[in-house]
Each structure stands twice: as structure tokens, then as C-alpha cells.
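Subject: Model for you to look at

Hello,

Here is the structure I promised to pass on. Please open it alongside this note; my findings follow below.

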Amino acid sequence: MAPSTASLEDFHSYILVTGANSGLGYSTCCRLIDEFLRTRPSSHSLRLIITTRDKTKSHDTIAKLKDHIFRARRQHKIHEQSPLVAKIYLQAEQVDLCNLRSVQNLAKKLLHALPKLDTIILNAGLGGFAGVDWLLVAWTILTDFPKSVTCPTFKLHHVGQVTGPQETSFSASAGGRQPELGTVFCSNVFGHYMLVHGIAPLLSNSTATPGRVVWVGTLEAYSSVFSTSDIQALKSSSAYESSKRLTDVLALSSSLVSTQPFVRKFLPPPRDHRPPRQYVTHPGICATNMVPLNWILFYLMTAVFYFARWVGSPWHPVTPYKGACAPVWVALASQEELDGLEENEGAGKWGSGTNFQGEERVTRTEVQGWGLGGTVGDNVGLPKRKRPREAEDLTEEGREQFELLGRECWELMERLREEWEGLLGDDD
């Protein structure tokens, strides 16, 4: 008897990575290809959908990924005519996450072009950094070296940056002026949020396992710089860190009973199988061009990162490829493994770490107000070198406050989504 269409579809994986043209995004794509070739049988195929901001970047990225597939094939000693190699498909799309019409158009295109989406890795983003305070760099390195190169406080930020005018169906909002959207907030959180909601039916079509939404966070997601009264961080001098704290809160609270009235509006659950799941990861500390540095300072920064690893830091993969370990693991791990870990230890923030030799590993990471898995006492006694800045032992009160914060964030994000969907209308 021939296998059913549903069972055949289960052998085809569809994964989308945003911001795939450089740095962590490109390395995530390379690592996805490598891990897929290494772990999947030849009967399985991967369609890797990448997004960049323009066609030139898409073209260049596809060319580089094809070269990577060729090198991976030789490394794994896979014959040129192997059916496995023939079943790695690349697809490029363009989107500007700070342009909500562009986000809307991509979602509509994907709904018509794909049968399902197993995983979306939300990697793209902006730092909004203006530079670094070099005096503070020197002081913190001399007085607290491990923390200074793991959870730095010396980066300078642009304040109050907003996106350009959005292309709406109306000339102005009801108040006579279009609402402002913070650039870093929109690029790192809200653009992704709108995209995921737009393609929710594709994530729900993943029947073998629930669709996965993989947020890419950071070790620098400080609770002290985040406020729901300024959820877009328009008044903040730490817009990047604020956006990443919001990412942590949204992902880790997404399965709580108190947030379900809003989560179910964001990702409507399918009728006959499990709804999509949300996870949060981070790449550790990697040498990328997110902070503007000249080439001399870039290589000096890289050397300092290696030194931090050699003196005991567990959070310095250094290279973006090693930093991609956690998001790729979450994307490709079996659902049974993920469910088992969360059932035993609670939902966690999965980070890319290394040992002294640079061997990668995925490690739970402490989140203020949540601990390691949302269980009081689960982060007591952790070695100081493994704890992010501002880490505190989780208490009942802190856990309750985190849950309240999660519900408030989900409510605000859903309100903002509905407001902007009303303004955008339908351009068909």
C-alpha cells in the first residue's frame, strides 16, 4: 500500500531563518544543513527558506550556501548523485521587518507557496548601537573581567529611533497621526511577531510535531532596562536589551494558563493536533559586526573573547557557527526530547556554550524572575561564572511577578498587533 500524503509530508522539513545573509543567521543556515546531513536519513528532505532585506543579499547568500552544501557533501563523503544532497532545497525571500507592509506581503506569499512550516527561527534584528564607552570598557575589564565581556554595560545606544512611515490603508490614525514604532523594537520583536501571526496556519499544518517558533535572544536581556510602560523602549538608552528581555518574557510565558487568552489569538490552535510551540535560545557571546568597530578593534574583541573562554567562561562560543548550536538544536531535536526536558525541568532558555577547548553544548540559561525552568529553587547554588548579570535566586514572589509580567506583555502585544492590522488593512 502506498504511504499517505500526510506520512510522505512528514519526511519533508520546512525551516525558515530570518536575517540569513551574515553573522549568526548565515551560520545558523550552515549548521542546519550540516546537522540535517549528519542526522537525517536519505529519505528526508529539507527546504531551507532564508530571508534578507533585498534581492542582492538573497542572491549572494544562496550562492554561499550552495558552496557550503558542496563542502559539506565532501566532508560527509556523500556522492554527488546522492538523493540526500539532491533533497536540500534553498529558497530566498525578502522582507524588511521594520516595514509592516513588507512583513504582511511575505506572510501572504508564504501561505500560498508552502504546504507547512515546521520551524521559524527569528534571528534578524538590529542592535541600535552608536559605539562603546572606551573609558568604561577599560574600567570594567580591569575590575570585573568575566562579566564585562559576557554581559557588558559599556555599549552606547541611539535613543528614540523610529521606523519610517508605514504604508497603511489610511492616511492617518484616528488621532490624526500614525503611531510611532521603535526601530529596534520593530526589527527584533514586533516585525517577527506580525510575521509569525501571519503564517500561523503554516505552523499549524505541521502535523507530525507541533510547529516551532524559535526566538533568538541574548545573555544581555536585563530586567532592569525593561518596562511595560515603554514596551517599545522609545525612551530607553538600552533598546536592544529591552527588546530581548521582552523576547524572553513572551516565549517563557507562552505556555502559562494565564497568558492563553492572548497566545491563542496570536497563534490560533489547530482543531485536530497540538498547537505551535514557542522557544527562546541565545548564541552566547560571538564576534559579529552588530557593534560598529573597525577591523583592528574587531580582531582585538575576538581575541578577548577567546581569552574569556580560556579562563573559564562557559558562554563564549566566539564564532557564529558555534553560537548557532542552541537554535539549531531546538529546530531539529525530537519533540519527545524537548517535551521530556520541559516536563521534568520546565520551559527554559537554551543557550550556546562551550568548554575550554571550544566544544559546543546547549545549556539552560538563568532568566531573572524565571530561574532555569520556572521552578522556585532551581537556580540556587549555580556557579557565579554561569550566572548572567542581575541574576537572583528565584522566589515565589518573583515567579508570580514574572507570570503577571508575561500576561501584561502578551496583552500589550496583542493590542498593538490588532491596532496595526487595522491600520494596514488588506492590500489585495
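A question to start with: in which loop does Ala233 lie? Ala233 sits in the loop between β7 (212-216) and α10 (239-252). Bear in mind that this is a predicted model.

Positive phi values

Ala233 has a phi near 60°, a positive value in a residue other than glycine. Most residues other than glycine have a negative phi. Ala233 is also buried, with a relative accessible area of 5%. Val318 is another case to look at. Its phi is near 75°, again positive in a residue that is not glycine. Look for Val318 in the loop between α12 (295-310) and α13 (320-323). Val318 counts as buried because its relative accessibility is 2%, and the cut-off for buried is under 20%.

Helix α2 and its partners

Start with helix α2 (residues 23-39) and helix α3 (residues 55-75). They pack at an angle of about 30°, and their axes are 10 Å apart. That angle makes α2 roughly parallel to α3, since angles under 35 degrees count as such. The crossing of α2 past α3 is right-handed. On the α2 side, the contact is made by Tyr26, Cys29, Cys30, Ile33, Asp34 and Leu37. On the α3 side, Thr61, Lys64, Leu65, His68, Ile69 and Ala72 take part. By class, the residues of this contact divide into 8 nonpolar, 2 polar and 2 charged.

Now take α2 with helix α14 (residues 325-332). Their axes come within 9 Å and cross at roughly 45°. The two helices are therefore oblique to each other. Their crossing is right-handed. From α2, the residues are Thr28, Arg31, Leu32, Glu35 and Phe36. They meet Cys325, Val328, Ala331 and Leu332 in α14. The residues of the contact of α2 with α14 comprise 6 nonpolar, 1 polar and 2 charged.

Helices α5 and α8

Next, helix α5 (residues 100-113) and helix α8 (residues 183-198). Their axes cross at roughly 35° and come within 9 Å. α5 passes α8 in a right-handed crossing. α5 contributes Leu100, Val103, Leu106, Ala107 and Leu111 to the contact. α8 contributes Cys186, Phe190, Gly191, Met194, Leu195 and Gly198. This contact of α5 with α8 has 9 nonpolar residues, 2 polar and no charged.

Nonpolar cores

Which residues touch the most other members of the largest nonpolar core? They are Leu117, Ile120, Phe190, Leu246 and Met413, out of 56 residues in that core. Helix α16 (residues 396-424) supplies the largest share of this core, with 9 residues. Phe190 also belongs to the α5 and α8 contact.

Leaving aside neighbours within four places in sequence, Leu246 is in contact with Phe185, Val189, Phe226, Ile231, Cys409 and Met413. A second, separate core holds 32 residues, including Leu65, Ile69, Ala324 and Trp350. Leu65 and Ile69 are also among the α3 residues in the contact with α2. As a general point, nonpolar side chains tend to be buried together in soluble globular proteins.

Best wishes

How values were computed: Residues numbered from 1 in each chain as written. Predicted model: local features only at pLDDT ≥ 70, side-chain atom pairs only at ≥ 80, totals over all residues. Heavy atoms only, no water. Axes fitted to C-alpha atoms, helices over the stretch in contact; angles between N-to-C directions. Helix = DSSP H or I, 4+ residues; strand = E, 2+ residues; numbered from the N terminus. Parallel < 35°, antiparallel > 145°, perpendicular 65-115°, else oblique. Left-handed = near helix turned anticlockwise from the far one by under 90°. Contact = heavy atoms within 4.5 Å. Nonpolar A, V, L, I, M, F, W, Y, C, P; charged D, E, K, R; others polar. Core = buried A, V, L, I, M, F, W, Y, C linked by side-chain atoms within 4.5 Å. Buried < 20%, exposed > 50% of the residue type's maximum accessible area, 1.4 Å probe, protein only.
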